[in-house]
Amino acid sequence: MRWLLLGPGALLALLAAGCDTTTPYACTLDFRSVSVSVVDPQGRLLPGLEAQSVVERTGEVLSRTSDPYDGSQGQYVVASDAHLEALSIDGEEVVFTATGEGVRASARFILADDGCHVQKEEGPAQITAEPL
């Protein structure tokens with residue numbers, strides 16, 4: 001009966017305080033990744049390089065490959081939805097490097113966790129390897 005002693009405004013404020021006013025959103029079930037193509041100076045894809053991606057702030061390795069079948073088409077994974085815990089909503093600077101027989105390629109990306117999936121905020125779609 002004590003709650004009846006509250007004025008109508010106080011009662012309304014009390015009821016509204018218990019409501020969740022955030023807009024719910026639903027994530028899709030697809031698995032996303034950010035990838036980059038590595039090419040030679042003539043623009044030909046370079047398959048079979050050893051590649052890795054590292055979060056610059058923490059030093060955490062997101063993706064590493066030395067498997068010749070990874071990157072077999074000259075396409076390399078920089079990060080995927082499997083790495084969301086290492087990324088923030090504000091974005092993390094990630095350094096990607098790929099090395100092979102006498103060549104090295106590197107690029108910087110800003111990747112973020114958009115609440116559901118990895119998202120590329122900055123970074124190239126293709127990088128050119130340079131001779132060592």
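These legends go with close-up views of side-chain contacts in a predicted model.

**View 1. Arginine 32 meets aspartate 30.**
Let's start with a pair of charged side chains. Arginine 32 and aspartate 30 come together in a salt bridge, with 3.0 Å from N to O. How exposed is each partner? Arginine 32 is partly exposed, at a relative accessible area of 34%, and aspartate 30 is partly exposed too, at 37%. This contact belongs to a set: the structure holds five salt bridges.

**View 2. Arginine 57 forms a salt bridge with glutamate 92.**
Here the closest N and O atoms of arginine 57 and glutamate 92 are 2.8 Å apart. Now check where the two sit along the chain. Arginine 57 is in the loop between β2 (50–55) and β3 (61–65), while glutamate 92 belongs to strand β5 (residues 92–100). That puts them 35 residues apart, so this pair links distant parts of the chain. Buried or exposed: what are these two residues? Arginine 57 has 61% relative accessibility, which makes it exposed, because the cut-off for that label is over 50%. Glutamate 92 comes in at 6%, and because buried means under 20%, it counts as buried.

**View 3. Glutamate 93 and arginine 108 join two strands.**
The side chains of glutamate 93 and arginine 108 form a salt bridge, at 3.1 Å from N to O. Which strands do they come from? Glutamate 93 lies in strand β5 and arginine 108 in strand β6 (residues 103–113), so the contact ties together parts that are 15 residues apart in sequence. Glutamate 93 is partly exposed, with a relative accessible area of 32%. Arginine 108 is partly exposed as well, at 47%. Look around this pair and you'll find another partner: Glu56, Glu93 and Arg108 are linked in a network of salt bridges.

**View 4. Tyrosine 76 and phenylalanine 96 form an aromatic pair.**
Searching the whole structure turns up one aromatic pair. Its members are tyrosine 76 and phenylalanine 96, with 6.4 Å centre to centre and 45° between the planes.

Terms used:
Residues are numbered from 1 along each chain as its sequence is written. This is a predicted model: local features need pLDDT of at least 70, side-chain atom pairs count only at pLDDT 80 or more; totals for chains, interfaces and linings use all residues. Side-chain values use heavy atoms; hydrogens and water are left out. A salt bridge is a side-chain nitrogen of Lys or Arg within 4 Å of a carboxyl oxygen of Asp or Glu. Buried means under 20% relative accessible area, exposed over 50%, partly exposed in between (1.4 Å probe, protein chains only). Helices (H or I, at least four residues) and strands (E, at least two) are DSSP runs, numbered from the N terminus. Rings of Phe, Tyr and Trp (its six-membered ring) pair if their centres lie within 6.5 Å; planes under 30 degrees apart count as stacked, over 60 as edge-to-face and the rest as tilted.
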